[in-house]
Amino acid sequence: MSVVVTGSIATDHLMTFPGRFTDQFVEGKMENVSLSFLVDDLVQHRGGAGANMAYGLGLLGLRPVLVGAVGSDFDDYDSWLSRHGVDTGSVHWSELKHTARFTCTTDAANNQIASFYSGAMSEASLIELAPVEKRVGGVDLVIVGPNDPTAMAQHTRECRERGYPFLADPSQQLAWADGELIRELVEGADLLFTNEYEHALLLQKTGWTDAEVLARVGTWVTTRAANGVRVEQAGAETIEVIAVPETKPVEPTGGGDALRAGFVAARQWGLGVERATQVGSAVATAAVEVIGTQEYSLPREPFLERFAEAFGPDAADEVAPHLPA
Ligand SMILES: Nc1ncnc2c1ncn2[C@@H]1O[C@H](COP(=O)(O)OP(=O)(O)OP(=O)(O)O)[C@@H](O)[C@H]1O
Ligand SMILES: [Mg+2]
């Protein structure tokens with residue numbers, strides 16, 4: 001039985017301009033802008049929430065099935081994910097469009113000019129989950145991560161209809177989605193993940209109270225960056241888990257995806273909700289301490305040592321047998 005991860009697959013192309021954009025703008029000539037910035041650095045990162053979560057699950061020894069849409073430029077990225085334990089056999093390759101791409105130039109004053117091309121992602125809604133289930137021989141959990149909105153709604157609906165347990169992870173799509181779509185994405189989820197800001201936004205847009213959300217989902221996990229993680233379930237005590245002490249974030253992006261991967265992997269190993277949240281926190285720490293969302297690794301002994309320092313030796317003993325060598 002498999003964990004199926006649906007969500008965005010994208011690359012980031014980040015450039016640095018040593019001057020200031022504002023020095024290049026000519027006052028009174030803004031209606032005919034034609035500017036080229038000579039940049040001195042280009043960094044490319046693999047990303048997209050779906051691919052990030054699948055990467056984390058692969059590192060933890062699961063064989064997650066990635067479901068999303070990409071373009072013909074996906075070859076290298078495909079082999080990277082496959083090498084890290086991800087089953088990419090259900091990824092849809094667009095014949096016309098490129099893989100989604102975020103391009104951003106930052107100047108010396110930290111101003112940014114960025115574009116997001118969603119590209120092939122718009123074809124994610126063409127993917128049905130039933131053939132995926134058939135190919136891999138059973139589905140334990142479907143993660144419905146941030147993606148093309150039509151695809152998110154459709155994957156969620158298919159999960160409900162076919163009875164696949166699912167994890168709702170609307171993330172940044174909450175910013176513009178309306179209450180009706182959000183209610184549709186959340187209703188009946190086994191697991192709901194948000195950060196603290198998204199938690200508030202979800203309540204505001206759906207018009208639901210905390211209790212009304214908890215009546216519709218099994219477990220609601222809310223991440224609070226350095227302040228730890230809160231886990232709520234209807235009729236149960238709220239669980240609070242600390243963030244790993246002495247975490248030194250160099251780039252917080254991707255922490256949320258890594259946390260979800262750690263949590264889901266630990267639940268697949270059969271560990272309890274609190275322990276799984278601790279594993280999530282520890283994986284998130286590894287992710288935020290490097291630049292890029294798929295650049296971290298989880299070397300077994302150092303990982304367990306730090307885990308034991310943060311959450312105690314007994315907790316580490318429970319995790320140890322499941323961590324890949
Ligand atoms: N400053 C920090 N110190 C310790 N842990 C952190 C820090 N920032 C992030 N994390 C870890 O990453 C997890 C997710 O971070 P956060 O709550 O900021 O989610 P997010 O805003 O959704 O992240 P993302 O940028 O990946 O979308 C946290 O629960 C925590 O484990
Ligand atoms: Mg997030």
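Two strands are taken to pair if DSSP finds at least two bridges between them. Strands (E, at least two residues) and helices (H or I, at least four) are DSSP runs, numbered from the N terminus. On this basis, an open sheet of eight strands has the order β4-β1-β9-β10-β11-β12-β13-β14, with mixed pairing. Its edge strands, each of which pairs on one side only, are β4 (65–67) and β14 (239–241). From one strand to the next the twist averages 20 degrees; axes are lines fitted to C-alpha atoms, for helices over the stretch in contact, and angles run from 0 to 180 degrees between N-to-C directions.

The model is predicted: local features need pLDDT of at least 70, side-chain atom pairs count only at pLDDT 80 or more, and totals for chains, interfaces and linings use all residues. Residues are numbered from 1 along each chain as its sequence is written, chains are lettered from A and ligands numbered from 1 in the order in which they are written, and side-chain values use heavy atoms, with hydrogens and water left out.

Strand β2 (residues 10–16) is joined to β3 by seven bridges, and the two run antiparallel. Thr11 has Arg46 of β3 as its bridge partner, and Asp12 stands opposite His45 in β3. Seven bridges also join β2 to strand β7 (residues 100–106), in this case with the strands parallel. In that pairing, Ala10 is set opposite Ala100 of β7. In a regular strand the side chains alternate between the two faces of the sheet.

**Ligand 1**

A residue is near a molecule if one of its heavy atoms lies within 4 Å of it. Around ligand 1 there are 17 residues, of which Asn195, Thr223, Ala225, Gly254 and Gly256 come nearest. The table lists polar contacts of the ligand, a polar contact being a pair of N or O atoms within 3.5 Å; within protein, one must be able to donate a hydrogen and the other to accept it, and residues adjacent in sequence count only if both atoms are side-chain atoms.

| Residue and atom | Distance to an oxygen atom of ligand 1 |
|---|---|
| Thr223, polar side-chain atom | 2.8 Å |
| Asn195, side-chain N or O atom | 3.0 Å |
| Gly255, backbone N or O atom | 3.1 Å |

Taken alone, ligand 1 exposes 620 Å², and the protein buries 81% of that; accessible areas come from the Shrake-Rupley method with a 1.4 Å probe, and for residues only the protein chains shown count as cover. Two or more residues of the shell come from each of α9 (255–268) and α10 (273–288). The most is given by α9, with three residues. By class, the shell has eight nonpolar, eight polar and one charged residues; Ala, Val, Leu, Ile, Met, Phe, Trp, Tyr, Cys and Pro count as nonpolar, Asp, Glu, Lys and Arg as charged, and the others, Gly among them, as polar.

**Annotated region**

In an unreviewed UniProt entry, residues 22–299 carry the annotation "domain: Carbohydrate kinase PfkB". Over residues 22–299 the chain is 35% helix and 19% strand, with the end C-alpha atoms 45 Å apart.

Notes:
UniProt positions renumbered as here; feature names shortened; annotations may be inferred.
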